[in-house]
Amino acid sequence: MTAFLKDWEQEKKAFKANVLTELQNGGAAIPADFKKAAATFLKADTGMTPALKEVDAAFGKGHRKAVMDALTALHAVIEKTAVKVLTFAGEARSKSAEVTDQAASDALSEIHMAGALFNKVVIGFETSVAKELEKLQQAKSPTNTKIDIISLEGDMDAAVNRFKTEAKKYSELEKKFKTLNAVKHAEKAMQAYSKAAARTQVTEARVALEVFFEGVDDLVDHKNTIAKDKSKPDAKYIAAVGSLCDALTTIKSARGAVSYKNLKALEGKGN
């Protein structure tokens, strides 16, 4: 059974202790607003604990699809957590340049570096979980086959959720142009890809990914249709649709293309 939650708790505890030690080393010269921000940040719930608890539980059951679902959820949490960690580290760096006291400046610089390293730890959990899922795939496969796991669905979900938030500001335009309906084709294909990839169904995963690519192209066409509409829709709504298209196109041309290449290679080997 995996122990990702235990690893996270240890890493989080070590990072917190490091920050508190440096705050003490910096003394009274460390700005009060940063001390307050640090206390809030260290107490904040990142969501990593419940997400990794689900990961460990899924591995405990030995179900590949359940692990993939947990990994997709974890991906979203990691994205948000990484932003928060880097923001905190950036604040420490800025304060380090502002204070005149050398001890305080050095302590803030150490906190900045600790934050940068902690961010790598946070991001690293996704890779570790993916690799463990690949081992589970091999254990369940009669031919010892695995698919290199790349969490594409998490990226897609994040992009769609951002658009949903923006679309609320333009409810009448969304009611008319139905962009959320236009993206469903790509969403369903991605969900099918995740399911097939988790279960080491190579051809099914490849086909689903191709359908996802087609769905992304259709969404881009949808955006272009909106932009040409004679009613001249709000430019900010068009920009929000464009951002969604850009995010999904990036998935297609970057991580998606890598996954597709891996799947084609596996098919070439007769898997």
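Helix α1 covers residues 4-26, which is 23 residues. From its first C-alpha to its last, α1 reaches 33 Å, close to the 33 Å expected at 1.5 Å a residue; the expected span is 1.5 Å times one less than the number of residues. Helices here are DSSP runs of H or I, at least four residues, numbered from the N terminus.

Before going on, this is a predicted model: local features need pLDDT of at least 70, side-chain atom pairs count only at pLDDT 80 or more, and totals for chains, interfaces and linings use all residues. Residues are numbered from 1 along each chain as its sequence is written, and side-chain values use heavy atoms, with hydrogens and water left out.

Which residues of α1 are buried? They are Phe-4, Trp-8, Phe-15, Val-19, Glu-22, Leu-23 and Gly-26. Buried means under 20% relative accessible area, with a 1.4 Å probe and protein chains only. What covers them includes α2 (32-43), α3 (48-61), α4 (64-98) and α5 (102-140). Just after α1 comes Gly-27, with a positive phi of about 70 degrees.

Next, the rings. Rings of Phe, Tyr and Trp (its six-membered ring) pair if their centres lie within 6.5 Å; planes under 30 degrees apart count as stacked, over 60 as edge-to-face and the rest as tilted. That rule gives twelve aromatic pairs. In one of them, Trp-8 and Phe-125, the ring centres are 6.0 Å apart and the planes at 75 degrees, so the pair is edge-to-face. Trp-8 lies in α1 and Phe-125 in α5, so this pair ties together parts 117 residues apart in sequence. Trp-8 is buried, at a relative accessible area of 1%, and Phe-125 is buried at 6%.

Phe-15 and Phe-118 have ring centres 4.2 Å apart and planes at 5 degrees, so that pair is stacked. This pair also links distant parts of the chain, with Phe-15 in α1 and Phe-118 in α5, 103 residues apart. Both Phe-15 and Phe-118 are buried. Ring pairs join Trp-8, Phe-15, Phe-34, Phe-41, Phe-88, Phe-118 and Phe-125 into a cluster.

Helix α6 (residues 152-167) packs with helix α9 (residues 184-198) at an angle of about 155 degrees, their axes 9 Å apart. α6 and α9 are therefore roughly antiparallel to each other, the term for angles over 145 degrees.

Methods: Helix = DSSP H or I, 4+ residues; strand = E, 2+ residues; numbered from the N terminus. Buried < 20%, exposed > 50% of the residue type's maximum accessible area, 1.4 Å probe, protein only. Contact = heavy atoms within 4.5 Å. Axes fitted to C-alpha atoms, helices over the stretch in contact; angles between N-to-C directions. Parallel < 35°, antiparallel > 145°, perpendicular 65-115°, else oblique.
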